[in-house]
Amino acid sequence: MAATLVHLLSIIFCLIFQFSNALTPDYYLQTCPKAEATITRAVRRSIIKDKTAPAALLRLHFHDCFIRGCDASVLLDSKGNNKAEKDGPPNISLHAYYVIDNAKKELETMCPGVVSCADILAVAARDAVALSGGPTWDVPKGRKDGRVSKANDSLQLPFPTFSISQLQQSFSKRGLSLDDLVVLSGSGARGSNIFKTTSYMNLELKSSAPATGTGGHTLGFSHCSSFQNRIHSFNNATDVDPSMSPSFAASLRRICPMHNKVKNAGANLDFTPNSFDNVYYKLLLKGKSIFSSDQALLAASRTKALVAKFATYEKEFFDAFAKSMIKMSSIDGGGTEIRLNCGFVN
């Protein structure tokens with residue numbers, strides 16, 4: 001009887017603990033009611049000065065959640081012998097950290113030690129999408145910041161050369177479905193495809209962040225190195241990936257020759273780089289995608305059908321994207337603190 005009572009009490013305690021740590025949109029309603037408005041202002045100010053900020057913020061959030069969960073570990077600076085995530089190979093080009101830092105500084109003045117860096121990052125990603133013409137949603141909040149950040153862990157991110165089975169496995173490990181994979185690939189989160197920057201069809205040279213293999217490709221830009229495998233020495237039979245539009249591949253080859261010497265050469269991920277829209281899916285169906293991992297979405301009947309649906313119905317993409325972002329941003333990072341400075345543990 002005593003053992004049963006102890007077991008029952010332990011279950012009740014666990015349920016109370018889980019409930020108290022549950023994410024909720026109203027998490028700061030009493031403790032810092034102006035938190036979201038403060039973050040939104042910081043994002044809005046950054047976009048006025050830097051048109052690449054939305055893509056960068058969305059990518060930051062994706063890269064954070066895909067490593068240790070959404071715990072803001074991607075924001076921690078390297079210290080001593082520890083090389084942090086932000087200095088890992090796939091993350092070298094991440095930027096717009098200043099947006100999070102600026103918001104955090106204001107919030108610490110307003111509500112000291114209350115709002116986590118992980119929550120700031122989640123809200124900023126939402127605002128980046130909404131302020132670029134995309135959907136908005138209520139961001140569940142209550143995340144805690146983590147204390148561990150290791151550069152080698154960044155290699156767990158999906159690569160731009162991944163096949164559909166590799167992508168599915170990568171997303172599945174994070175509790176994300178095949179549908180989430182297609183949705184987040186079209187957003188910019190995975191590698192900044194949804195937010196792009198100049199004329200896509202003219203493929204201008206641009207200095208910006210290279211994309212990784214998935215997520216959010218309606219915003220962004222990619223360096224030549226991320227898609228070189230598709231336009232040079234594709235296989236023993238052909239130099240160029242045959243799934244690519246010939247004219248599109250020729251344009252990429254002009255910008256990115258075999259022995260490219262231009263450091264910042266590359267291409268926008270679609271021709272509306274600063275807008276959140278469904279153009280990414282339309283181009284994908286025309287053989288005008290940048291990455292192998294994008295083309296991989298057409299390799300399975302389920303993912304191909306979703307690509308076709310989102311290319312036709314933008315609202316359905318927007319609705320699905322909001323749901324997938326809430327799901328991804330809720331991946332538990334196991335954080336335990338509220339950092340006073342997003343770059344350092346307390």
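How are helix 7 and helix 12 oriented to each other? The two helices are oblique to each other (angles under 35 degrees count as roughly parallel, over 145 as roughly antiparallel, 65 to 115 as roughly perpendicular and the rest as oblique). The model is predicted, with local features requiring pLDDT of at least 70 and side-chain atom pairs pLDDT 80 or more, while totals for chains, interfaces and linings use all residues. Residues are numbered from 1 along each chain as its sequence is written, and side-chain values use heavy atoms, without hydrogens or water.

The axes of helix 7 (residues 178-185) and helix 12 (residues 301-312) cross at roughly 40 degrees and come within 10 Å. Axes are lines fitted to C-alpha atoms, for helices over the stretch in contact, and angles run from 0 to 180 degrees between N-to-C directions. Helix 7 contributes Leu178, Asp179, Val182 and Val183 to the contact (heavy atoms within 4.5 Å). Helix 12 contributes Arg302, Thr303, Leu306, Val307 and Phe310.

Helix 9 (residues 246-255) has Phe248, Ala249, Ser251, Leu252 and Ile255 buried (buried means under 20% relative accessible area, exposed over 50%, partly exposed in between; 1.4 Å probe, protein chains only). These residues lie on the same side of helix 9 because they cover an arc of only 155 degrees around the axis, taken from the directions from the helix axis to the C-beta atoms. Pro246 and Arg254 are exposed on the other side of helix 9. Helices are DSSP runs (H or I, at least four residues), numbered from the N terminus.

Ala72 lies in the loop between helix 3 (53-68) and helix 4 (97-110). Phi of Ala72 is positive, near 65 degrees. Ala72 is buried, at 0% relative accessible area.
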